[in-house]
Amino acid sequence: MRSWILFFGLASATFALAAPVVSHAVLDLPASPGNSRNSEGDFALLKDGRIFFAYSKFIAGTGDDHDRCVIAARTSSDRGETWGTDRIIARNEVEPNGNVMSVSLLRLKDGRLAMFYGCKLVTEKERISQKLMRISADEGETWGQARDITAGWPAAYRVLNNARVVRLSSGRIVVPPV
C-alpha cells in the first residue's frame with residue numbers, strides 16, 4: 001500500500017516558520033480503495049497564513065503514472081499540525097478518465113496564485129501530454145480556465161515535475177522544458 005506522509009519539518013523548512021523543526025508525521029495520506037496512490041505535491045503560503053497543499057490523487061487503477069488521477073488540495077490553519085479534508089481542484093478535462101499530476105504552485109507578482117500541472121492524453125499512436133496553468137484570484141478557493149502553456153509546440157510526451165516552476169525577481173516565470 002502506497003502512502004504519502006507529510007512531516008512538519010518539511011513544512012517548517014518550506015516556509016521558514018519560526019517554530020522549531022518537529023519530526024512527527026502530521027498528515028498521512030495512505031492509499032485506500034478508490035485511491036490507489038497520493039504523490040507529487042507542492043505547498044503555498046496563503047495571505048491569511050494558512051498553508052495550501054496540492055497533490056496528485058490517483059482515483060483508479062493501481063497507482064501507475066498513467067492511471068486516472070486528479071489534483072486534490074487541503075489547507076492547514078495551524079502551521080501544518082492538522083489539515084482539512086481534500087477537495088478536487090483539477091481534472092483531465094479532455095479525457096475524463098485520464099490523468100493530471102505533478103502540480104507546482106507559484107505566487108504571481110500581482111499576488112494571485114498560479115497552479116501548473118501536467119495533463120496526459122492518449123492518441124491512437126502515442127501518449128502525449130500538455131503543461132497547463134490555472135490562476136486563482138481567491139487564494140485557491142476557485143481556479144480559472146486551464147491554459148495550455150505548450151500550445152503550438154509539436155505533440156510530445158512532456159513531464160512537469162512538481163514544485164519546479166519559479167518566478168524570477170523580474171516577474172518572469174520559468175517552467176522547466178522537460
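**Notes on a predicted model**

1. Let's start with a cysteine: Cys-119 is buried, at a relative accessible area of 2%. Another one, Cys-69, is also buried, and its relative accessible area is 1%. If you go looking for disulfides, a search of the whole structure turns up zero.

2. A word on confidence, since this is a predicted model. The chain has a mean pLDDT of 86, with 87% of its residues at 70 or more. Take care with residues 1-15, though: pLDDT stays under 50 there, and for this stretch the model has 53 contacts beyond four places in sequence.

3. Now for the inside. Nonpolar side chains tend to be buried together in soluble globular proteins. Here the largest nonpolar core has 19 residues, and those touching the most other members are Phe-52, Ala-54, Ile-71, Ile-89, Leu-105 and Met-115. Two or more residues each come from strand 4 (51-58), strand 5 (69-76), strand 6 (87-90), strand 7 (99-107), strand 8 (113-122) and strand 9 (127-136). Strand 8 is the top contributor to this core, giving five residues.

4. Last, have a look at Arg-37, which sits in strand 3 (residues 37-45). Is Arg-37 buried or exposed? With a relative accessible area of 10%, Arg-37 falls under the 20% cut-off, so this arginine counts as buried. What lies 2.6 Å from a polar atom of its side chain? That would be the backbone oxygen of Gly-63.

Terms used:
Residues are numbered from 1 along each chain as its sequence is written. This is a predicted model: local features need pLDDT of at least 70, side-chain atom pairs count only at pLDDT 80 or more; totals for chains, interfaces and linings use all residues. Side-chain values use heavy atoms; hydrogens and water are left out. Helices (H or I, at least four residues) and strands (E, at least two) are DSSP runs, numbered from the N terminus. Buried means under 20% relative accessible area, exposed over 50%, partly exposed in between (1.4 Å probe, protein chains only). A polar contact is a pair of N or O atoms within 3.5 Å; within protein, one must be able to donate a hydrogen and the other to accept it, and residues adjacent in sequence count only if both atoms are side-chain atoms. A nonpolar core is a set of buried Ala, Val, Leu, Ile, Met, Phe, Trp, Tyr and Cys residues joined through side-chain atoms within 4.5 Å. pLDDT is the predictor's confidence in each residue, from 0 to 100. Contact means heavy atoms within 4.5 Å. A disulfide is a pair of cysteine sulfur atoms within 2.5 Å.
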